[in-house]
Amino acid sequence: MQMSSSNLSAKQHPGQKNGREVEWQLACTDLGSVRRWLADHGTIDGLVLEPRSTLQIFDTYLDTNDWRIHRAGFALRIRSGSGKLEATLKSLHSASTEVADREELNETLENSESESMRQSNGPVGTRVHAVSGARALLPLFEVRTSRQRFAICREDETQQLGEIALDETVISRPRGEPRMSMQRVEVEALTEAREPLQSLVKTLRTDCALEMASDTKYSQGLKSVGLAPGTAPNFAPTVVDDSMTIVEAALANLRRYLSAWHIHEPGARLGDNPEELHDLRVAGRRLDAILRQFGSSLPAPLLKLRPTLKTVLRALGHARDLDVALIDLETFSCELPDSDREGVEPLKQHLATERGRARARMLSVLDSIRVQKNFEELTSLLAAPSAPTQQSSAELALNTAPELIRRRYRKLRKGADLLRPDSSMAAYHKVRGHVKKLRYVLEAVAVIYGRPADEMLRSLRRWQEKLGEQQDAAVASRRLKVLAGAPPKGIPPETLFLMGRLAEHYAGAAVRARKLYAKDYRKVRGRWKRLRVKLEHSAANDELKLPDSGT
């Protein structure tokens, strides 16, 4: 998972080395031959290879029992060596196929206890605590490595370009017997000058018969101790068809969105990619929408969970609003002359601080006993197989869903017909709410109605997006007005001036979005005519297929 430009960077801490690790990992069966080659090639192609001290390294890899760190896209280790302790989060995925180019965060620790790391406010500790929540960190396996090192420098230069590491590694279970050993040659780039290292790696591979490693020490460690990282829970069945009752269709949708929730929760907790929080919020909204729209047909224990979902969605919404504000500010800043961009920084820092507070509240809600308990209940209810029941034709989704859809469309049409170019933002926002509710109920059964439903959904999405742009601009403008009315300490006059320009930018975006309202509404009305015919046709066909009541 790569960090986006809108991320909040953690404060710099002593012992922190953050950024990316770029290295070539070479599989080896005979380190002795590589040592002899290095001894014979103190200088090669203008590069000097200088021996350094050999390190004895001890690593412990950790994760929660439900693999939250792994599911967030990282491996977590605690390393001891040379008299110091260091925690590292390393991305599981390389940005390149030719070299291991991965995001890496490091933090010096005071002791090796995992709880000590979780309580730290450094770049690793804060992320690990956010992702793991109330779950304990458990050791997965241990790695002991003897690392012989060679510094790589250019002739007549002191700056180190990289390092060659000859690793002899033993992997074992936590406090257990060794499970496997391996040898590896690693060439790490320490500067942006990578071409000389690429040439060196090519020579090493040719002269020492080395191959690019196909896996990492982390993946080898998991295999050696018989561990397979768990994926996010996947609830089934999630497929909807026209033979289902309305209850079965609703439950299938709930399973689908609970699966999506579990997929995106680790990334949303991590906080490095704003889209993960957006996707988590979408999954939560869909869960709530299904409980609301189909509540009269669903079991009572499921409906009791709605208040908890509402609490969670409010917390997610506050954090997401500030993600959007920072992204918008970054876009606005890029459009400014270079001389004005510095004035944006105080506002950016203020929003980043507010985002940090909103995320802390969000994590507190997610980790609360009530929320944890209620989501466990939801998981249990949806994981349990549904008992087969005899349903009447009136309870089939094919016959029940049309009235739900028509009811939502009537409410939308009633509000939308009243809107004028000078209507209040609150009125437009209310219509947007009706658009979302119609969209959610239609999405739940769209597969039954085919193309007319898909076309209607596309038009609803576009309309909702434009209404959303208008609402987001209004929210952002209000936030700026509040800040300008009572500026926080540290906001200079030049930043206040730029805030005025940003408010104008939002106002322009709102006006442009509002101008498209009539066009988008006409498109939806046209799509509705075709969908209405499909709803009536499907229900009529189903009635024709009903068996005789006497058979």
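## The largest pocket

The largest pocket has a volume of about 1500 Å³. It belongs to a predicted model. The lining of this pocket counts 45 residues. Nearest its centre lie Arg281, Arg285, Arg432, Lys436 and Asp472.

The most comes from α15, with 19 residues. Sorted by class, the lining of the largest pocket holds 22 charged, 13 nonpolar and ten polar residues.

## The second largest pocket

About 1200 Å³ of space lies in the second largest pocket. Its lining is made of 49 residues. Glu21, Glu23, Arg77, Lys90 and Glu104 are the closest to its centre.

Strand β5 (residues 74-81) supplies the largest share of this lining, six residues. By class, the lining of the second largest pocket divides into 19 charged, 16 polar and 14 nonpolar residues.

## Helix α7

Helix α7 runs over residues 246-270 and has 25 residues. At 1.5 Å a residue, α7 should span 36 Å. Its end C-alpha atoms are 37 Å apart, which agrees with that expectation.

The helix has a kink of about 40° at histidine 264. Most of α7 is covered, with 20 of its 25 residues buried. After α7 comes glycine 271. The phi of glycine 271 is positive, near 85°.

## Helix α12

Helix α12 covers residues 345-367, 23 residues in total. From its first C-alpha to its last, α12 reaches 32 Å. That is close to the 33 Å expected at 1.5 Å a residue.

Which residues of α12 are buried? They are Pro346, Leu347, Lys348, His350, Leu351, Ala352, Arg355, Ala358, Arg359, Met362, Leu363 and Leu366.

## Aromatic pairs: a tilted one

The structure holds nine aromatic pairs. A pair of aromatic rings is described by the distance of the centres and the angle of the planes.

One of the pairs joins phenylalanine 141 and tyrosine 218. Their ring centres are 6.2 Å apart and their planes stand at 40°, so the pair is tilted. Phenylalanine 141 sits in strand β8 (residues 138-154), and tyrosine 218 in helix α6 (residues 217-224). The pair therefore ties together parts that are 77 residues apart in sequence. Phenylalanine 141 has a relative accessible area of 0%, so it is buried. Tyrosine 218 is buried too, with a value of 8%.

## Aromatic pairs: a stacked one

Tryptophan 463 and tyrosine 521 form another pair. Why is the pair of tryptophan 463 and tyrosine 521 described as stacked? The ring centres lie 5.2 Å apart and the planes are at 15°. Planes under 30 degrees apart count as stacked, so the angle decides the class.

This pair links distant parts of the chain. Tryptophan 463 is in helix α15, and tyrosine 521 is in helix α17 (residues 517-545). The two are 58 residues apart. Tryptophan 463 is buried, with a relative accessible area of 0%. Tyrosine 521 is buried as well, at 5%.

Ring pairs also build a cluster here. Its members are Tyr428, Trp463, Tyr517 and Tyr521.

Notes. Residues are numbered from 1 along each chain as its sequence is written. This is a predicted model: local features need pLDDT of at least 70, side-chain atom pairs count only at pLDDT 80 or more; totals for chains, interfaces and linings use all residues. Side-chain values use heavy atoms; hydrogens and water are left out. Helices (H or I, at least four residues) and strands (E, at least two) are DSSP runs, numbered from the N terminus. The expected span of a helix is 1.5 Å times one less than its number of residues. The bend at a residue is the angle between axes fitted to the seven residues ending there and the seven starting there. Buried means under 20% relative accessible area, exposed over 50%, partly exposed in between (1.4 Å probe, protein chains only). On a 1 Å grid over the protein atoms alone, a cavity is a set of points where a 1.4 Å probe fits but cannot get out, and a pocket is an open set with protein on both sides within 12 Å along at least five of seven lines; lining residues have an atom within 4 Å of a point. Grid points are joined across faces, edges and corners, and a volume is the space filled by probe spheres set on the points. Ala, Val, Leu, Ile, Met, Phe, Trp, Tyr, Cys and Pro count as nonpolar, Asp, Glu, Lys and Arg as charged, and the others, Gly among them, as polar. Rings of Phe, Tyr and Trp (its six-membered ring) pair if their centres lie within 6.5 Å; planes under 30 degrees apart count as stacked, over 60 as edge-to-face and the rest as tilted.
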